[in-house]
Amino acid sequence: QVQLVESGGGLVQPGGSLRLSCAASGSIFSIDVMGWYRQAPGKERELVARISSGGHYYADSVKGRFTISRDNAKNTVYLQMNSLKTEDTAVYYCNVVPTMYSGRSYEYWGQGTQVTVSS
């Protein structure tokens with residue numbers, strides 16, 4: 001079993017910054033894919049950014065403003081969000097696909113953290 005603990009959401013004015021964190025714990029052997037999704041009211045969940053051995057991915061809407069990074073020693077993924085816009089308002093979820101000591105891989109989701117961009 002894997003536990004994901006997210007932190008860092010909140011209320012920020014347009015143009016401001018926030019940094020989200022997501023720490024994974026449990027019987028994890030390694031983690032390749034780590035990512036962040038978001039879901040705004042009335043909209044589908046969308047991939048915001050992802051980091052893996054294959055590189056980085058960013059949604060077009062956040063390129064140049066958001067940066068995803070990770071600390072492998074801590075099994076933690078971060079999302080630095082700069083120049084925030086009102087349309088970035090959503091619940092943000094981290095997503096990881098760890099390989100367990102059993103050799104199997106599973107997909108896990110964080111509990112979600114609210115990001116509200118408003119003046």
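**Disulfide.** I looked for disulfides (a pair of cysteine sulfur atoms within 2.5 Å) and found that the structure holds one. Cys22 and Cys94 form this disulfide, with their sulfur atoms 2.0 Å apart. The pair links distant parts of the chain, 72 residues apart: Cys22 lies in strand β3 (residues 18–26) and Cys94 in strand β9 (residues 90–100). Strands here are DSSP runs (E, at least two residues), numbered from the N terminus. I noted that both Cys22 and Cys94 are buried; buried means under 20% relative accessible area, exposed over 50%, and partly exposed in between, with a 1.4 Å probe and protein chains only.

**Basis.** I worked from a predicted model, in which local features need pLDDT of at least 70, side-chain atom pairs count only at pLDDT 80 or more, and totals for chains, interfaces and linings use all residues. Residues are numbered from 1 along each chain as its sequence is written, and side-chain values use heavy atoms, with hydrogens and water left out.

**Arg38.** I located Arg38 in strand β4 (residues 28–39). I recorded Arg38 as buried because its relative accessible area is 6%. The Arg38 side chain makes polar contacts with the side chains of Glu46, at 2.7 Å, and Asp88, at 2.9 Å. A polar contact is a pair of N or O atoms within 3.5 Å; within protein, one must be able to donate a hydrogen and the other to accept it, and residues adjacent in sequence count only if both atoms are side-chain atoms.

**Gly64.** I found Gly64 in the loop between β6 (55–58) and β7 (66–71). Gly64 is exposed, with a relative accessible area of 84%.

Conventions:
Helix = DSSP H or I, 4+ residues; strand = E, 2+ residues; numbered from the N terminus.
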